[in-house]
Amino acid sequence: QVQLVESGGGLVQPGGSLRLSCATSGSIFEINGMGWYRQVPGEQRELVASISSRGLRNYADSVKGRFTISKNSTTSRDNVKRTLYLQMNSLKPEDTAVYYCNVQTLRRDYWGQGTQVTVSS
């Protein structure tokens, strides 16, 4: 069974930094890309950053120059474990949201449970 588990969220002051991680488990095939989304109550979930299977990165205009997406994978005999990261610098109050990890395959999308990021003084 595929699972995505996010970590690294929390409370940070404006101008601070956080690093989100998303650890995947289970077998995931035909990955198109991975990404981070965020959602504020009452609003639609929005794409923050994505990285394709070839390493092409895409960022929302609101986070360009401040956020960096990266990924890592380790291969064992029976499994490939993938970890997705989001380094967030110069955080602003408007970055406050629940952040979700996403893996997009040819057949479906997988989502994590979300991690809260709160930027406040």
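Start by selecting G114: leaving aside residues up to four places away in sequence, G114 touches E6, V98, Y99 and Y100, where contact means heavy atoms within 4.5 Å. The model on your screen is predicted, so local features need pLDDT of at least 70 and side-chain atom pairs count only at pLDDT 80 or more, while totals for chains, interfaces and linings use all residues. Residues are numbered from 1 along each chain as its sequence is written, and side-chain values use heavy atoms, with hydrogens and water left out.

**Stop 1: around G114**

Stay on G114 for a moment. G114 sits in the loop between β10 (109-111) and β11 (115-119); strands here are DSSP runs of E with at least two residues, numbered from the N terminus. G114 counts as buried because its relative accessibility is 15%. The scale is this: buried means under 20% relative accessible area, exposed over 50%, and partly exposed in between, with a 1.4 Å probe and protein chains only.

**Stop 2: R45 and its two rings**

Keep R45 and show the side chains of Y100 and W111. R45 lies over the face of Y100, at 3.7 Å from the ring centre. The charged end of R45 also sits over the ring of W111, 4.7 Å from its centre. A charge is counted as over a ring if NZ of Lys or CZ of Arg is within 6 Å of the ring centre and within 35 degrees of the ring normal.

**Stop 3**

Next, centre on W111, in strand β10. How many aromatic pairs does the structure hold? There is one, and W111 forms it with Y37: the arrangement is edge-to-face, with 5.0 Å centre to centre and 65° between the planes. For such a pair, rings of Phe, Tyr and Trp (its six-membered ring) must have centres within 6.5 Å; planes under 30 degrees apart count as stacked, over 60 as edge-to-face and the rest as tilted. Y37 lies in strand β4 and W111 in strand β10, so the pair ties together parts that are 74 residues apart in sequence.

Y37 counts as partly exposed because its relative accessibility is 21%, and W111 is partly exposed with a relative accessible area of 36%. Beyond four places in sequence, W111 touches L4, Y37, R45, Y100, C101 and N102.

**Stop 4: the largest pocket**

Pick N32, G33, M34, G35, Y37, L47, S50, I51, S52, N102 and Q104, which line the largest pocket. This pocket has a volume of about 150 Å³. On a 1 Å grid over the protein atoms alone, a pocket is an open set of points with protein on both sides within 12 Å along at least five of seven lines, and lining residues have an atom within 4 Å of a point. Its volume is the space filled by probe spheres set on the points, which are joined across faces, edges and corners.

Colour the lining by strand: β4 (31-39), β5 (46-52) and β9 (97-105) each supply at least two residues. Which strand gives the largest share? That is β4, with five residues. By class, the lining has four nonpolar, seven polar and no charged residues; Ala, Val, Leu, Ile, Met, Phe, Trp, Tyr, Cys and Pro count as nonpolar, Asp, Glu, Lys and Arg as charged, and the others, Gly among them, as polar.

**Stop 5: T24**

M34 from the lining brings you to T24, whose contacts beyond four places in sequence are Q3, L4, M34, K81, R82 and V103. T24 is found in strand β3 and is buried, with a relative accessible area of 5%.

**Stop 6: N58**

L47 and S50 from the lining are among the contacts of N58, which, leaving aside neighbours within four places in sequence, also include V48 and A49. N58 is in strand β6 (residues 57-59) and counts as partly exposed at 41% relative accessibility.

**Stop 7: two positive phi angles**

Most residues other than glycine have a negative phi. Phi of E30, however, is positive, near 55°, and E30 is in the loop between β3 (18-25) and β4. Phi of S90 is positive too, near 50°, and S90 lies in the loop between β8 (80-88) and β9.

Key
1 Å grid on protein atoms, 1.4 Å probe; cavity = no way out; pocket = protein on both sides within 12 Å on 5 of 7 lines; lining within 4 Å. Helix = DSSP H or I, 4+ residues; strand = E, 2+ residues; numbered from the N terminus.
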